[in-house]
Amino acid sequence: MNLFHRVTFYSHCWRAGIVGLTLAAGTAMGWVGEGGPDDWPQWRGPNRDDISAETGLLDEWPEAGPQLLWRFDNGGVGYAGFAVVDDRLYTMGANESREFVLCLDASNGKEIWKREIDDRYQNNWGDGPRGTPTVANGHVVALAARGTLACLDAKTGQVVWTQSMTDLGGSVPGWGYCESPLVDGDQVVCTPGGPEGALVAIDMESGEVRWQSTLFTEPAQYSSIIVADHPEKRHYVQLTEKALVGVDPADGTVLWREVWNGRTAVIPTPIYHDQGVYVTSGYGSGSALINISDIADPEQVWFSRNMKNHHGGVILVDGYFYGYSDQIGWVCQSHETGDIVWSEKDKAGKGAIGYADGHFYLVEEKSGDVILIDATPDGWNERGRFTLSPQSDNRKRSGGVWVHPVISGGRLFLRDQELIYCFDVKSPKRESP
């Protein structure tokens, strides 16, 4: 029997009366006019794929690495990533007792505002928040590790509303809530998990619940929801430990479902491309590509145990997936077949990955090494590396440098707990079109 077993739901009977979403055609997100073309408004960027559209960046780094523009030393502990909009950087952190949302001036690293939203989450792998804020419609939406979802005014940090994942029937996962909320049009979508409905949509302005996916009740894991801009029906995709699902944005109806044999922790965000969904997770699980060209009849294209991405992310570029696979190292994997095209274990250890202007930016979790390589199926071709310095004394022994690199406005943003770094990666010899 295949690892995946198809279970398709035809439960459309309770859709009536729910207003659908009006969205910009061909875009993954529903807002318009939010920031500029180089902005990074949410987890994994504008399309949740960790791909920056920027050009004119350095092809190679000097021996000491790119120039450090500024460092902010009071970001608080945690693994929250960055959103960058209108030259403001948004992230999260934790002080001695509370988790907060933080806004900095992205040009100089000066603090603009900070707002506490929940008690500090504690864990042997590292305390504090794990998710990335989402910036849309003049608001910042952030999920604390203990489950408080807060909507704040992006300019002032004032609280607009809050919701609790546990009040919505969820239970805090073993490593805390790690999801980065999705803002789609005028609603916020996230995953409390649990018997009242694993996914929930919340009105962006009022904070009121619009729907919960009552026919999908898996516990929350650590992945984040994406949009599948499918020609038959645009919908949301989420991955939990035991299921991969597509749900209707209007009411949470489950459109399709596949079993996923995840183990211990399912973390990487799915990738949607060309009417297919790619998923992977660690602890021996593997990776798979599911064809959803016919939503009523999804089909497994291939399954492979060669790619087992624990965390750090996978990026699809020109028909190949790139990321770190447990036991194998950094790999290039064919989108068409799932076969490994190349692997490299000796030149860099496990870590996170980002993409911009023909290159991958790798951050090694243990050493803090930052590495630039060509994005090519031809093999590992390194273009420079440096080591983050100084590094945090607040990182727990079981933790690592886990925050994904972000490239926005010709700058590379990195983090090690309370330390937030901004590097200049714009090439003086190249200009963006």
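Buried means under 20% relative accessible area, exposed means over 50%, and partly exposed lies in between, with a 1.4 Å probe and protein chains only.

A word on what you are looking at. This is a predicted model, where local features need pLDDT of at least 70, side-chain atom pairs count only at pLDDT 80 or more, and totals for chains, interfaces and linings use all residues. Residues are numbered from 1 along each chain as its sequence is written, and side-chain values use heavy atoms, with hydrogens and water left out.

Now the sheets. Strands are DSSP runs of E with at least two residues, helices are runs of H or I with at least four, and both are numbered from the N terminus. Two strands pair if DSSP finds at least two bridges between them. In general, strands of a sheet pair through backbone hydrogen bonds, either parallel or antiparallel.

Take the open sheet with the order 23-24-25-26. Four strands form it, and the pairing is antiparallel. Which strands are at the edges? They are strand 23, residues 314-317, and strand 26, residues 340-344; each pairs on one side only. From one strand to the next, the twist averages 20 degrees. For such angles, axes are lines fitted to C-alpha atoms, for helices over the stretch in contact, and angles run from 0 to 180 degrees between N-to-C directions.

Look inside that sheet. Strand 23 pairs with strand 24, residues 320-325, in the antiparallel sense over four bridges. Isoleucine 315 has its bridge partner in strand 24: tyrosine 322.

Strand 17, residues 243-247, pairs with strand 18 over five bridges, in the antiparallel sense. Within that pairing, glycine 246 has tryptophan 256 of strand 18 as its bridge partner.

Now a hairpin. Strand 13 and strand 14 form it, with five residues between them. Glycine 207 sits in the turn and has a positive phi of about 80 degrees. Strand 13 covers residues 200-203, strand 14 covers residues 209-212, and they pair in the antiparallel sense over three bridges. Isoleucine 202 has valine 209 in strand 14 as its bridge partner.

There is a salt bridge here too: aspartate 203 with arginine 210, closest N and O atoms 2.8 Å apart. By salt bridge I mean a side-chain nitrogen of Lys or Arg within 4 Å of a carboxyl oxygen of Asp or Glu. Are these two buried or partly exposed? Aspartate 203 is buried at 17% relative accessible area. Arginine 210 is partly exposed at 32%.

How many salt bridges does the whole structure have? The search finds 18. One of them joins the side chains of aspartate 119 and arginine 98, at 2.8 Å, N to O. That pair links distant parts of the chain: aspartate 119 is in strand 6, arginine 98 is in strand 5, and they are 21 residues apart. Aspartate 119 is partly exposed at 37%, and arginine 98 is partly exposed at 25%.

Back to the rings. Rings of Phe, Tyr and Trp (its six-membered ring) pair if their centres lie within 6.5 Å; planes under 30 degrees apart count as stacked, over 60 as edge-to-face and the rest as tilted. By this rule the count is 17 aromatic pairs. Tryptophan 175 and tyrosine 222 have ring centres 5.9 Å apart and planes at 65 degrees, so the pair is edge-to-face. These two are 47 residues apart, each in a loop. Tryptophan 175 is partly exposed at 25% relative accessibility, while tyrosine 222 is buried at 6%.

And our opening residues? Tyrosine 278 and phenylalanine 321 are stacked, 3.8 Å centre to centre, with 15 degrees between the planes. Tyrosine 278 lies in strand 20 and phenylalanine 321 in strand 24, so the pair ties together parts 43 residues apart in sequence.

Ring pairs link Trp61, Tyr361, Phe386, Tyr421 and Phe423 into a cluster.
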